[in-house]
Amino acid sequence: MLKEKVIIENELGLHARPAAKLAEVARRFKARVYLKKGSRTAEASSILDVLTLACQKGSTVEIWAEGEEAERALKEIITLLRSKAP
C-alpha cells in the first residue's frame, strides 16, 4: 500500500467537476484508491464519496492506493489533486 498527503490547490476545492474527474481517473486503474480528510474516508472512484469529504482549497487529504497499478494510480491522482485548474 502506498500513501501520501496532498494539499488541494484548486480554487474551488473538490467540487462536482474535479470530483467527477478524480473518480474517472481512479476507475481507469487496477487499484483501489482512497482519500481521507479528518475522520472521513472516501473511495476515490465514487463521486459521491469524494464530495462527502467537503474538501476546500487548502484542505489536506491523505491518499492511498493498493493493487496491481497502485503506483501509477497514486501518481496520476496526486497530480490531479495538486492541479489549480477547475
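Where is Lys84 found relative to helix H3 (70–82)? The legends below answer this and describe further views of a predicted model, in which local features need pLDDT of at least 70, side-chain atom pairs count only at pLDDT 80 or more, and totals for chains, interfaces and linings use all residues. Residues are numbered from 1 along each chain as its sequence is written, and side-chain values use heavy atoms, with hydrogens and water left out.

**View 1. Lys84 is found in the segment after helix H3 (70–82).** Helices are DSSP runs of H or I with at least four residues, strands are runs of E with at least two, and both are numbered from the N terminus. At 61% relative accessibility, Lys84 counts as exposed; the classes are buried for under 20% relative accessible area, exposed for over 50% and partly exposed in between, with a 1.4 Å probe and protein chains only. Leaving aside residues up to four places away in sequence, Lys84 touches Glu9, Asn10 and Glu11, where contact means heavy atoms within 4.5 Å. Between the C-alpha atoms of Lys84 and Arg40, which are 44 residues apart along the chain, the separation is 23 Å.

**View 2. Leu22 lies in helix H1 (residues 16–27).** Its relative accessible area is 0%, so Leu22 is buried. Apart from residues up to four places away in sequence, the residues that Leu22 touches are Leu35, Ala44, Val50, Ile77, Leu80 and Leu81. Lys75 is 53 residues from Leu22 in sequence, and their C-alpha atoms are 12 Å apart in space.

**View 3. Ser59 occupies the loop between helix H2 (47–52) and strand E4 (60–66).** Ser59 counts as buried because its relative accessibility is 11%. The side chain of Ser59 reaches the backbone oxygen of Gln56 at 2.8 Å. Such a polar contact is a pair of N or O atoms within 3.5 Å; within protein, one must be able to donate a hydrogen and the other to accept it, and residues adjacent in sequence count only if both atoms are side-chain atoms. When residues up to four places away in sequence are not counted, Ser59 touches Val6, Ile7, Ile8 and Lys37.

**View 4. Ala54 is found in the loop between H2 and E4.** Ala54 has a positive phi of about 50°, although it is not a glycine. Most residues other than glycine have a negative phi. With a relative accessible area of 45%, Ala54 is partly exposed. Ala54 and His15 are 39 residues apart in sequence, with a C-alpha to C-alpha distance of 7.9 Å.

**View 5. The protein chain, shown for context, contains 3 helices and 4 strands.** From the N terminus on, its elements run β-α-β-β-α-β-α. The C-alpha trace spans about 30 × 25 × 20 Å along its principal axes. Of the 86 residues of the chain, 38% count as buried. Among contacts between residues at least 6 apart in sequence, 72% join residues at least 24 apart. The chain exposes about 5,100 Å², of which carbon and sulfur atoms supply 50%; accessible areas come from the Shrake-Rupley method with a 1.4 Å probe, and for residues only the protein chains shown count as cover.
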